[in-house]
Every structure is written in C-alpha cells, then in structure tokens.
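Hi there,

My notes on it come after the structure.

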Amino acid sequence: MTDRCLWSYKDIAAHIRVQPDTVRSYRKHGLLPPPDHVECGKPYWYADTVRAWVASRPGNRGRKVD
C-alpha cells in the first residue's frame, strides 16, 4: 500500500527529528530527492518517497524512525 500524503519541509523535519532549515539545506546541497509535487513554488514529497530516502541515507544503520 502506498502513502499518498504530501509532506512539506516541516513534516520531513519532524519525521527525522531535525529543524526545517536542516531539510532545506539537504535539498540545497542535493541530498534530498527531487520534490514529487510543486504547488505555488513550494515543494512537497510523498511520505513513501521520504521514507525510502531516510532508509537509504548514509549513517542510517538500521535506526528505527517513526
């Protein structure tokens, strides 16, 4: 089952327990996948896209993220 909820910087930050500015920095440096949707210039990602990105991040080492 796919999760089609769209997440903003704030949602991604809460998921990985960092500040939203950190997530913006990840995108600026090419560490975040391209947005799945852009609305009025604001990027959004599907929850499944974010979860896959979190799982593949270097240093993840199998940590459980809610």
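Below is what I found, going from the overall layout to the single residues.

A word on the basis: this is a predicted model, so I kept local features to pLDDT of at least 70 and side-chain atom pairs to pLDDT 80 or more, while totals for chains, interfaces and linings use all residues. Numbering starts from 1 along each chain as its sequence is written, and side-chain values use heavy atoms, with hydrogens and water left out.

**Overall layout**

The protein has 3 helices and 3 strands, taken as DSSP runs numbered from the N terminus (helices are H or I with at least four residues, strands are E with at least two). Starting at the N terminus, the elements follow the pattern β-α-α-β-β-α. Of the 66 residues, 26% are buried; here buried means under 20% relative accessible area, exposed over 50% and partly exposed in between, with a 1.4 Å probe and protein chains only. Among contacts with a separation of 6 or more, 52% link residues 24 or more positions apart, a contact being heavy atoms within 4.5 Å.

The 3 strands form an open sheet in the order 1-3-2, with antiparallel pairing (two strands pair if DSSP finds at least two bridges between them). Strand 1 (6-7) and strand 2 (37-39) are the edge strands, each with a single partner, so one side of each has no neighbour in the sheet. Helix 3 (residues 47-56) packs on the sheet and touches strand 1 and strand 3, its direction making about 75° with that of strand 3. For such angles, axes are lines fitted to C-alpha atoms, for helices over the stretch in contact, and the angle runs from 0 to 180 degrees between N-to-C directions.

In helix 1 (residues 9-16), the buried residues are Tyr-9, Ile-12, Ala-13, His-15 and Ile-16. They span an arc of only 160° around the axis, which places them on the same side of helix 1; the arc is that of the directions from the helix axis to the C-beta atoms. On the other side of helix 1, Lys-10 and Ala-14 are exposed. The buried residues of helix 1 pack against strand 1, helix 2, strand 3 and helix 3.

Helix 1 packs with helix 2 (20-28) at an angle of about 105°, with the axes 8 Å apart. The two helices are therefore roughly perpendicular to each other (65 to 115 degrees counts as roughly perpendicular, under 35 as roughly parallel, over 145 as roughly antiparallel and the rest as oblique). Helix 1 makes this contact through Tyr-9, Lys-10, Ile-12, Ala-13 and Ile-16, and helix 2 through Pro-20, Val-23, Arg-24, Tyr-26 and Arg-27.

Helix 3 has Ala-47, Val-50, Trp-53 and Val-54 buried. Their arc around the axis is only 125°, which puts them on the same side of helix 3. Ala-55 and Ser-56 are exposed on the other side of helix 3. The cover over the buried residues of helix 3 includes strand 1, helix 1, helix 2 and strand 3.

Leu-31 sits in the loop between helix 2 and strand 2. Leaving aside residues up to four places away in sequence, Leu-31 touches Tyr-26 and Trp-53. Leu-31 and Trp-53 are 22 residues apart in sequence, with 9.2 Å from C-alpha to C-alpha.

**Backbone and cysteines**

Most residues other than glycine have a negative phi. Arg-17 has a positive phi of about 60° although it is not a glycine. Arg-17 lies in the loop between helix 1 and helix 2, and at 59% relative accessibility it counts as exposed. Cys-40, in the loop between strand 2 and strand 3, also has a positive phi, near 55°.

How many disulfides does the structure hold? The number is 0, where a disulfide is a pair of cysteine sulfur atoms within 2.5 Å. Cys-5 is partly exposed, with a relative accessible area of 43%, and Cys-40 is exposed at 79%.

Best wishes
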